[in-house]
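Hi there,

Here is the structure I promised to pass on to you. Have a look at it first, and then read on for what I found.

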Amino acid sequence: MLTTDRAAQLADIQVTKRTEPSLAAWGVRIEALGGRLLRAGLALTLLWIGGMKFTEMEAQAIRPFIENSPLFSWTYPVMGVQGTSNLLGVTEIAIGLAILSRPWFARIAAVGSLLGALTFLGTLSFLITTPGVWADDIGGFPAIGALGQFLIKDVALLAISVWSLGEALRAAGRGDADSTAERM
């Protein structure tokens with residue numbers, strides 16, 4: 001038989017369990033927020049960098065990467081420095097907008113995320129092809145120079161794109177672009 005004090009304590013614990021979210025519940029909420037922030041941050045990065053591609057400053061800044069890349073160097077003779085930069089800008093903006101469409105169009109977001117992953121794989125290839133990426137004056141690899149520091153963020157952006165692709169595919173497979181509990 002429980003004493004009155006013990007019964008009151010148990011009643012308080014039951015009320016607390018029903019009204020205060022558990023650590024797991026907080027974890028679910030924070031994880032969902034994190035997913036939204038990852039997707040928004042990825043899209044914002046693509047939109048912003050894509051918009052900058054229309055400036056001469058950015059067209060010149062990417063020049064060492066494009067000129068030394070066997071995948072991309074052919075674009076300069078065909079489109080010129082600014083034309084190539086503009087095309088990259090249009091592409092990055094389109095990818096960013098596609099990724100942002102996730103709450104309404106999961107399949108489009110999946111395509112955008114896949115293209116984002118391919119974009120970042122392409123830019124990470126510059127780590128291999130661009131002179132000056134490695135800090136040769138202090139021994140080279142794994143020390144990175146200024147160009148390498150500019151590129152290394154794309155490892156994280158690639159990972160976010162892959163996560164976004166998986167999440168969007170899962171949503172598309174469910175047949176709904178979004179659910180109230182899991183809006184990303």
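**Helix α2 and its cover**

In α2, the buried residues are A32, G35, R39, L42, A43, L46 and G50. Buried means under 20% relative accessible area, exposed over 50%, and partly exposed in between, with a 1.4 Å probe and protein chains only. The cover over these α2 residues includes α5, α6 and α8. The helix has 30 residues and reaches 42 Å from its first C-alpha to its last, close to the 44 Å expected at 1.5 Å a residue; the expected span is 1.5 Å times one less than the number of residues.

Before going further, a word on the source. This is a predicted model, where local features need pLDDT of at least 70 and side-chain atom pairs count only at pLDDT 80 or more, while totals for chains, interfaces and linings use all residues. Residues are numbered from 1 along each chain as its sequence is written, and side-chain values use heavy atoms, with hydrogens and water left out.

**The chain as a whole**

The protein chain has 8 helices and 0 strands. Helices (H or I, at least four residues) and strands (E, at least two) are DSSP runs, numbered from the N terminus. Of its 184 residues, 35% count as buried. Take the contacts between residues at least 6 apart in sequence: 65% of them join residues at least 24 apart, where contact means heavy atoms within 4.5 Å. The accessible surface of the chain comes to about 11,000 Å², with 70% of that belonging to carbon and sulfur atoms (Shrake-Rupley method, 1.4 Å probe; for residues, only the protein chains shown count as cover).

Helix α8 (residues 146-174) has 29 residues and reaches 44 Å between its first and last C-alpha, close to the 42 Å expected at 1.5 Å a residue. Just after α8, G175 takes a positive phi of about 85 degrees.

I95 lies in helix α5 and is buried, with a relative accessible area of 3%. Leaving aside residues up to four places away in sequence, I95 touches L46, G112, L115, G116 and T119. I95 and L115 are 20 residues apart in sequence and 6.6 Å apart in space, C-alpha to C-alpha.

S69 lies in the loop between α4 and α5, and counts as buried at 1% relative accessibility. Not counting residues up to four places away in sequence, S69 touches F126 and T129.

**The largest pocket**

About 520 Å³ of space lies in the largest pocket. On a 1 Å grid over the protein atoms alone, a pocket is an open set of points where a 1.4 Å probe fits, with protein on both sides within 12 Å along at least five of seven lines; lining residues have an atom within 4 Å of a point. Of the 28 lining residues, F72, L88, E92, T119 and T123 are the closest to its centre. The elements that give two or more residues to the lining are α2 (23-52), α4 (63-67), α5 (75-100), α6 (106-124) and α8. The largest share, 8 residues, comes from α5.

Enjoy looking around!

How values were computed: Grid points are joined across faces, edges and corners, and a volume is the space filled by probe spheres set on the points.
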